[in-house]
Amino acid sequence: MLRSLVGSEMCIRDRLKALRDGVELEEGVASAVRVEVVREEVLPPARPEYAQFTRVRSVVRLEVCVGWNRVVRRMLAAVGLPVMELHREAICGMAVELAAGEHMRLKESEVEWLWERVGGRELARERMKRFHS
């Protein structure tokens, strides 16, 4: 699960359905299992001549079930929401508290739990073979 700060000229709630329905990416269709707006704030116009336009900055929480490279950034970009910040809160339901560039070593029990979440090692290997062929 990731929390993302996004900027948009339009209200973000208008775009959540597209994230749930799925967006076409290079690897296939990626959809958010869960999407929620955590916070929205209306910003003042960038310039006085743009006073008729509303600028909104939102914090969105997304849960996705694929681990493709930069999938959340690409999904949000596909619906017109530029990402300003991104914070990973959990991986497969396992909470993570890592700073940018940090990593953590998983316990053997955590690795086995993650394998179970994706259907087992053999199924994961088979999926990877199909993806790379």
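Helices here are DSSP runs of H or I with at least four residues, strands are runs of E with at least two, and both are numbered from the N terminus.

This is a predicted model, in which local features need pLDDT of at least 70, side-chain atom pairs count only at pLDDT 80 or more, and totals for chains, interfaces and linings use all residues. Residues are numbered from 1 along each chain as its sequence is written, and side-chain values use heavy atoms, leaving out hydrogens and water.

Let's look at confidence, given as pLDDT (the predictor's score for each residue, from 0 to 100). The protein chain averages 80, and 89% of its residues score at least 70.

| Strand | Residues | Mean pLDDT |
|---|---|---|
| β1, lowest | 2–8 | 56 |
| β2, highest | 23–25 | 93 |

Where pLDDT is low, the predicted coordinates should not be read in detail.

In α2, Val71, Val72, Met75 and Leu76 are buried (under 20% relative accessible area, with a 1.4 Å probe and protein chains only). Because these residues cover an arc of only 125° around the axis, they sit on the same side of α2; the arc is taken from the directions from the helix axis to the C-beta atoms.

Notes: Buried means under 20% relative accessible area, exposed over 50%, partly exposed in between (1.4 Å probe, protein chains only).
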